[in-house]
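Student: I'd like to go through this one by asking where each label comes from. Can you set the values against the cut-offs for me?

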Amino acid sequence: KTIEELKKDPNIEFAEPNYIVKSTLKPNDPLFLRQWAHKKMQSEQGWEIADENRDLWSDEDIIIAIVDTGVNYNHPDLKSNIYSEGIDFYDWDNDAMDENGHGTHVAGIAAAVTNNHVGIAGTCLNCKILPIRFLGPRGDGSAYDAAASIIYAADSGADIISNSWGSSYNSEMIHEAVIYAYSKGSIIIAAAGNNDRDSPFYPAAYPEAIAVAATDSSDKKAYFSNYGSWVDVSAPGQGILSTYSQRFFLQNGTHIYYGYKLLSGTSMAAPF
């Protein structure tokens, strides 16, 4: 009303609100443009919404437990977001260093350090990674150790527990652990499996978990992904670039980046 009155005054050229403008985040991570998933998921718009609501919550307070082969917590694109060096239920000690690479790849998708002029951008810019190892160098582990890992994650205050592993066998012990974590307020994310079948895959198929199928860059079901009424959501999972614990490298123009690799699977979809 005031503006309309001011506009009637010939001495005033124009009148308008003093709008609030905000910076827009375009990550400076050199491999960001090779991460097709962020464009497909509209991550940049999501980051802006998160930034606008920073007075209500902060992603720096969110702990994501990566229950997997461990995490290379010294990786330069992960180190600043590591909550602790974690725990190892495969060797039963306090060092969750990754001897396989799978868990490091999962961790980078979830929360690689973003806007640091290094490597890739993580989905959650400032979330903290809690490494929990129960899968060995070959990527296998026992149901008992899986259950212990989930319980430990919940007791450690993990807001999200990411599980990029599973089996077609229904383990009551693992289900009890998932129920416990759910009762503690953790969000349990699990990969739907890579058998191109609609039969349930656990722990993803448990009602307390969020089962994640994989899509390709065309937004279609990845050829390998499981599917069915027990699947809750899908996410990019084919040809995904992320951190890796071993010396694989990618060449981008004249630059060579060590410690990154392209992998496919519902294992990659779950952390997104």
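Student: How many disulfides does the count come to, and what makes the pair a disulfide?

Tutor: Keep in mind that this is a predicted model. The count comes to one disulfide, by the distance rule. The bond runs from Cys124 to Cys127, with S to S at 2.0 Å. The rule asks for a pair of cysteine sulfur atoms within 2.5 Å, so Cys124 and Cys127, at 2.0 Å, qualify.

Student: Why is the disulfide of Cys124 and Cys127 called right-handed?

Tutor: Look at the torsion about the S-S bond: it is about 55 degrees, and that is why the disulfide gets the right-handed label.

Student: Where else does Cys124 turn up?

Tutor: In the lining of the largest pocket, where Cys124 is among the residues closest to the centre, along with Trp47, Asp59, Thr123 and Leu125. That pocket has a volume of about 540 Å³, and 27 residues line it.

Student: Which elements give two or more residues to the lining of the largest pocket?

Tutor: Those are α3 (43-52), β4 (160-163) and β5 (187-191). Helix α3 has the largest share, four residues. By class, the lining has 16 nonpolar, seven polar and four charged residues.

Student: What is the volume of the second largest pocket, and which residues are closest to its centre?

Tutor: The volume is about 230 Å³. Of its 19 lining residues, His102, Ser164, Trp165, Asn194 and Ser267 are the closest to the centre. Helix α7 (residues 266-269) gives the most to this lining, with three residues. The classes here are six nonpolar, 12 polar and one charged.

Student: What makes a space a cavity and not a pocket?

Tutor: Whether the probe can get out: in a cavity a 1.4 Å probe fits but cannot escape, whereas a pocket is an open set. The structure holds one cavity of 30 Å³ or more. The largest cavity comes to about 40 Å³, which puts it over the 30 Å³ mark.

Student: Which residues line the largest cavity?

Tutor: The lining is made of Arg34, Gln35, Trp36, Ala37, Gly239, Ile240, Leu241 and Phe272. The lining splits into five nonpolar, two polar and one charged.

Student: How do you know whether α5 and α6 are roughly parallel or roughly antiparallel?

Tutor: Take the crossing angle. The axes of α5 (residues 143-155) and α6 (residues 172-183) cross at roughly 5 degrees and come within 8 Å. Angles under 35 degrees count as roughly parallel, and therefore α5 and α6 are roughly parallel to each other.

Student: Which residues make the contact of α5 and α6?

Tutor: From α5 they are Ala143, Tyr144, Ala146, Ala147, Ile150, Ile151, Ala154 and Asp155, and from α6 they are Met173, Ile174, Ala177, Val178, Tyr180 and Ala181. By class that gives 13 nonpolar, no polar and one charged. Asp counts as charged, so Asp155 of α5 is the charged one.

Student: What is omega for the peptide bond that joins Tyr202 and Pro203?

Tutor: Omega is about 10 degrees, and the bond between Tyr202 and Pro203 is cis. Pro203 sits in the loop between β5 and β6 (209-215).

Student: What is phi of Trp92, and what is phi of Asn115?

Tutor: Phi of Trp92 is near 55 degrees, a positive value in a residue other than glycine. Trp92 belongs to the loop between β2 (87-88) and α4 (102-111). For Asn115, phi is near 65 degrees, again positive and again in a residue other than glycine. Asn115 is in the loop between α4 and β3 (128-133).

Definitions and conventions: Residues are numbered from 1 along each chain as its sequence is written. This is a predicted model: local features need pLDDT of at least 70, side-chain atom pairs count only at pLDDT 80 or more; totals for chains, interfaces and linings use all residues. Side-chain values use heavy atoms; hydrogens and water are left out. On a 1 Å grid over the protein atoms alone, a cavity is a set of points where a 1.4 Å probe fits but cannot get out, and a pocket is an open set with protein on both sides within 12 Å along at least five of seven lines; lining residues have an atom within 4 Å of a point. Grid points are joined across faces, edges and corners, and a volume is the space filled by probe spheres set on the points. Axes are lines fitted to C-alpha atoms, for helices over the stretch in contact, and angles run from 0 to 180 degrees between N-to-C directions. Angles under 35 degrees count as roughly parallel, over 145 as roughly antiparallel, 65 to 115 as roughly perpendicular and the rest as oblique. Contact means heavy atoms within 4.5 Å.
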